[in-house]
Amino acid sequence: MPNIKSAKKRVKVTAKKTLLNRMVKSAVRTSVKKFEAAVAADPATAKVQLTATTSAIDKAAAKGVIHKNAANRKKARLAKQLNKAAI
């Protein structure tokens, strides 16, 4: 454990930020899983779920939890998955 006051604060701040980042990442993963389940069940409802999933990914990228390019890559792969299922 740190002895210096500023180091103690950094530990607390880092723990809090890590928790928030983990929550955002978890929400994105949950949304992606819901989308993939919707694609398997009914592509029509998957289109609505794609909008919600895209929104969650964009919010995570805006907060800096995931990189902008990684977010765009995820969205492109999900859209491709939906288009493939619709055919």
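User: Which side chain does S31 join in a polar contact, and at what distance?
Analyst: This is a predicted model, where local features need pLDDT of at least 70, side-chain atom pairs count only at pLDDT 80 or more, and totals for chains, interfaces and linings use all residues. Residues are numbered from 1 along each chain as its sequence is written, and side-chain values use heavy atoms, with hydrogens and water left out. A polar contact is a pair of N or O atoms within 3.5 Å; within protein, one must be able to donate a hydrogen and the other to accept it, and residues adjacent in sequence count only if both atoms are side-chain atoms. The side chain of S31 has such a contact with that of T53, at 2.9 Å.

User: Is S31 buried or exposed?
Analyst: Buried means under 20% relative accessible area, exposed over 50%, and partly exposed in between (1.4 Å probe, protein chains only). S31 has a relative accessible area of 8%, so S31 is buried.

User: Is K33 buried or exposed?
Analyst: K33 is found in helix α1, and helix α1 also holds S31. Helices are DSSP runs (H or I, at least four residues), numbered from the N terminus. The relative accessible area of K33 is 59%, so K33 is exposed.

User: Where is K68, and what is its relative accessible area?
Analyst: K68 lies in helix α3, residues 68–86. K68 is exposed because its relative accessible area is 58%.

User: How far apart are the C-alpha atoms of K68 and D58?
Analyst: Along the chain, K68 and D58 are 10 residues apart. Their C-alpha atoms are separated by 8.2 Å.

Technical notes: Helix = DSSP H or I, 4+ residues; strand = E, 2+ residues; numbered from the N terminus.
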